[in-house]
Amino acid sequence: MSILDNQLAKNSLSNAYIFEGKNDQYTKDFALDFARKVFENYGIDDELSTNPDLYVIDKDVIDIGTIRDMLKNIYLRPNNGKIKIYIIHRANNMRLEGANAMLKSLEDLKDYVMIIFTSKNADQLLPTIRSRCQIISLNYEDESLDIDKESLYRILVDTYRGNIDSFYKNRDFLNSFKEDRNQLIDASLDLFRKLIEKEYGNRANLDANSLYLLDKFGEVSLDSMEKIILMLEDVKRANKVNINFDLAIEHIFFTLFREGKGNDGSRYQI
């Protein structure tokens, strides 16, 4: 269980977080997904896009006026009567005067308020803001694999959940590993081994980043995962005799599509 999952389970959430990670879009998605889980934990299942108690700031320049508008809103009680969540994406874009104004509110947040800052590096925020937040690092890179694992994982999830178009739309990305195909296969194997660890091992061994993406698969049977792993290992062995790359990739993703489609007929796209 990750730190955040543990806090949700124990109702011991902080009032202020900083989520730091090198990929802006991933960090924002992670913050939104966490906000959804927090609302659900309070018994609130409104769609995020229409939830009046979710306030998102995502601007290239976050000026004092934007922060003042947010701080005025903080003093209004939530529509749901329980919690309001504010996400300040790329919080390092706050002007100094805005950051100082935010600091004063962080010192005395209402119980019904949660603020989430996102940034590529928490050190880009004022030390006085950092000291009042719990910092969650979303460092998703695996130095042993020179591959954008976040992008690969999303294509694998999409395909497994029945969206085969994701495979076709991302052929350029997949083809970029034509000369180093084992990187692609090893990263895919790593995903499904982690999935087994999540479902049948110890979730505590996995970081919050991995759990966030792995949860997108939904329920996956052990039999299905073992079939996929065996298939990937077979393809990796076949690569030693220079099997056609395009055929190998199609075999991987169509096997994944069939396993997922048979396991869950719904359609889902991240």
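Trainee: How many aromatic pairs does the count come to?

Mentor: The count comes to 11 aromatic pairs. Rings of Phe, Tyr and Trp (its six-membered ring) pair if their centres lie within 6.5 Å. Planes under 30 degrees apart are stacked, over 60 edge-to-face, and the rest tilted. This is a predicted model, where local features need pLDDT of at least 70, side-chain atom pairs count only at pLDDT 80 or more, and totals for chains, interfaces and linings use all residues. Residues are numbered from 1 along each chain as its sequence is written, and side-chain values use heavy atoms, with hydrogens and water left out.

Trainee: What makes F19 and F30 an edge-to-face pair?

Mentor: The centres are 5.4 Å apart and the planes stand at 85°. That distance is within 6.5 Å and that angle is over 60, so the pair is edge-to-face. F19 is in strand β1 (residues 16-20) and F30 in helix α2 (residues 24-41). Helices (H or I, at least four residues) and strands (E, at least two) are DSSP runs, numbered from the N terminus.

Trainee: Why is F19 called buried?

Mentor: Its relative accessibility is 0%, so F19 counts as buried. Buried means under 20% relative accessible area, exposed over 50%, partly exposed in between (1.4 Å probe, protein chains only). F30, at 5%, is buried too.

Trainee: Why is the pair of Y168 and F254 edge-to-face?

Mentor: The planes meet at 70°, with ring centres 6.4 Å apart, so the pair is edge-to-face. Y168 lies in helix α7 (residues 165-169) and F254 in helix α12 (residues 245-263), so the pair ties together parts 86 residues apart in sequence.
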